[in-house]
Amino acid sequence: MFNHAYDGYLKYAYPYDELRPLSCDGVDTWGSYSLTLIDALDTLAIMGNYTEFQRVVKILTSKANFDANINVSVFETNIRIIGGLISAHLLSHRAGVDVEPGWPCNGPLLRLAEDVAKRLITAFDTRSGMPYGTVNLRHGVPVGETAVTCTAGIGTFILEFGTLSRLTGDPLYEEVAMNAIYSLYQQRSHLGLYGNHIDVLTGHWTAQDAGIGAAVDSYFEYLVKGSILLQKPELMKIFWEARRSIDKYLKREDWYLWVSMTKGQVTLPVFQSLEAYWPGVLSLIGDTSSAMKTLHNYHQVWQQYGFTPEFYNIAQAEAGADRENYPLRPELIESIMYLYRATGDPQLISMGVDILRSIQHSAKTPCGYATIKDVRDHRKEDRMESFFLAETTKYLYLLFDTENFIHNQGDHGVVVNTPNGECIIEAGGYIFNTEAHPIDPSALYCCHDKPKEKLFNFDSLKEMKQTFRGETLQERKTSFIPPKENCEELADDTQENIQVEVKSIVDNISEILSINKGTVEVLDDNLNTIVRESFDEIKLAEADEIEIKGTIEVEAQTQISFNDSLFREDLDKKIYDLIPSILPNVTVQAQVKHDPQLMLERIRIEKKHSKYSSWQNEFNLLTCKAQPFLQRLSIMGEFFKS
C-alpha cells in the first residue's frame, strides 16, 4: 500500500507537495517544498527501504532551500517539515547514511530543520508569547496577519523545538515553545477548560467550544509526549489538570462531547474523526481500560460506514451534514497500534484488518489512494494528503510488524562516539510527533545534556557506587549554597556595573536626542521600557523602507536594581538597535530583521508566566547517572553477581 502510493507520488506528482490520485498529477498545498517526500522519509526507514532513504536524503541535502517568498502554516510546517527532517536525521545512522563526525549533534538534515525553525520562530514574537498562525518563510509574519490562532497551533511545538534545543545546544527553541504552553495554560477557564481559538495578542478566546478534537487535539497529546521525551513532569501535571476537567465536563458514556469552556454545557454532541487519537494518549499514561472503552465506540462508527466521517452525530448515530468525508486519516489506527503494544489484545489486530481492507477496497486508484468524499457511498475525491504516507500506512505497518526496531523494549541498542563521549542510541522508547515522525529520546542525551565522559568501566564499579545512588531534585536543589558574604559581594559588584553601564547608555541616548533636536522628558518607568519594545507592529513582508514617527521619554536619573537582572554583554548595542523604531522623525532605510535572541532575552526578563514548582515535591525523581549505566549493562550482557 505504501509503495503503491509512494511510487505514484514520485511518478506523477514530484516535486509538488501532494499527489492528486484521480488526475494522476501533482499540486502544491502547504508550502511548495515537496512535502510528501519529506513526510514519507522516515516511513522508508521503518519499512526497511534504506536504499531509497539514502537517495532521498541526498536529494534533500543538495536541493532543499526554504528561503522562499511563500506564506506557510506555522503548525503544519513544524509537524510535517521540521518533524520529518529531525526524525530522518536521527534515523540516518541506522539507514546506512554516511553521517558527519559528531552525529547526532550535527548533520545536514538537522541544519535544514533548524533553518526552517528559525524562519518560524518570528511567529512567537508577540506580547503573550503565543505564535501567529502564518509566516512568510523569507519575510516573517505577513502584514495584516490575523492574531487568532487555534489552541493546537500554540501548544504543538515542544517535541520538535525541544529536540532541536537538545541536539544543537541552543535553548531558544525549547524555551519559546514552553513559554507558549505556559501562556496558553494561563488562559484556561475557571473550569480548567480550553477553547479552540484565541487572540494571541490580547489573550481573549474567540471560539469558546471546549473539546478534545479539531483545533485542540495535539495540545493535549504534546503535554504527555513532551513530558516523556524531555523529562518534564510539569507538562504531565498540566495534562492531568486538563484530564480531570475533560472527564468531568466532556465525557458521556465513553464519548467526548464539546461544551462551553466557561459553563460546561454541551454545545456540540458529535464525535470527530480527529478525536480518535485520544485512546492512544490514554495508553501512554497507563489508562488502558478507559482507552479500550472509548476505542470500541470509535470502531463501531468505522464498522457502520467502512470509514470514520469527519463529524459523527452521536445522538442521531449518523454522519454529520457536510462533514461526511474521510481524508485517509490515521488517528484510529494510531490508537489501535498503541493499545496493541500496551495490551496485546488480539481483537485490536482484527480492528486493524478492518481498516486495511476498507482503504484497499474503496480508496485505491491506479496512481495512489484517494480521499473518500462521502463515507455513505464511498465516492472518491482527488486528494491524497501527505499524512497518508507519514502516518496511516506507518501505523498499520507497525501494528502488524511486531518485531520492528521501533518496538525495542530497551534490551539492545548501539554505542556511538560523539564530541561529548560515548552515547547509547536506538535503545527504544521512540516518541512519535503528531505527524508520526519518531524521535529517539536517547539521542537527546548524546549532545549538550550529556556529561563529557566515557561510559562506565565496570572494573571500578565498587569505587563508583555512589555515582549510581542518585539524589532527589530537592537534594540537588539545595546541594550547593555559596557563602553569604560572597553572594552579597557579587550582588554589589553586579549592581554597580549595571548602573555604570546604564548611565553610559542614558548619556549616549541623550546625546543622540540632542543631535536630532528631540526633547528628553522624565518617565516613571526605567530603561526596561525600552528593552521591552518589540516589533509586533512593524512586521514586514515585501517593503524595504518604512518611516516611523513617535516620541521617546527617558528618565534622567535611571536606577536599575539587582533584581531587574539585565545581564547583557552588549546591552547598549541592542538598545541602539531599538532606537530607530522609537526616535522622533527618523526614517529607516533598511529592512527590519527579527532577532530571535533578543526575543528570548525579553521573555526571560519579563517572566510573565508562573512556572510549576510544586511538581518537584509531588514527583520524587532521582537525578543520577544510572540510565546510561543500565543501558550499557543491558547491551553488553553484563550483570551483577551476588
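Predicted model: local features only at pLDDT ≥ 70, side-chain atom pairs only at ≥ 80, totals over all residues.
I then turned to the overall make-up of the chain. The secondary structure comes to 23 helices and 23 strands, and buried residues make up 55% of the 642 residues in the protein. For the contacts with a separation of 6 or more, I noted that residues 24 or more positions apart account for 72%.

Next I went to a sheet of 3 strands, which is open, has the order S5-S6-S7 and pairs in antiparallel fashion. Strand S5 (148-150) and strand S7 (205-207) each have a single partner strand and stand at the edges, so one side of each is left without a neighbour in the sheet. From one strand to the next, the twist averages 35 degrees.

Within this sheet I followed the pairing of S5 with strand S6 (residues 197-199), where the two run antiparallel and are joined by 3 bridges; here Cys150 stands opposite His197 in S6.

My last entry concerns strand S16 (residues 371-374) and strand S17 (residues 379-381), which run antiparallel and are likewise joined by 3 bridges. Thr371 stands opposite Glu381 in S17. Which residue takes a positive phi in the hairpin of S16 and S17? I found that His378 does so, with a value near 65 degrees, in a hairpin that has 4 residues between the strands.

Definitions and conventions. Residues numbered from 1 in each chain as written. Heavy atoms only, no water. Pairing = 2+ DSSP bridges. Axes fitted to C-alpha atoms, helices over the stretch in contact; angles between N-to-C directions. Buried < 20%, exposed > 50% of the residue type's maximum accessible area, 1.4 Å probe, protein only. Contact = heavy atoms within 4.5 Å.
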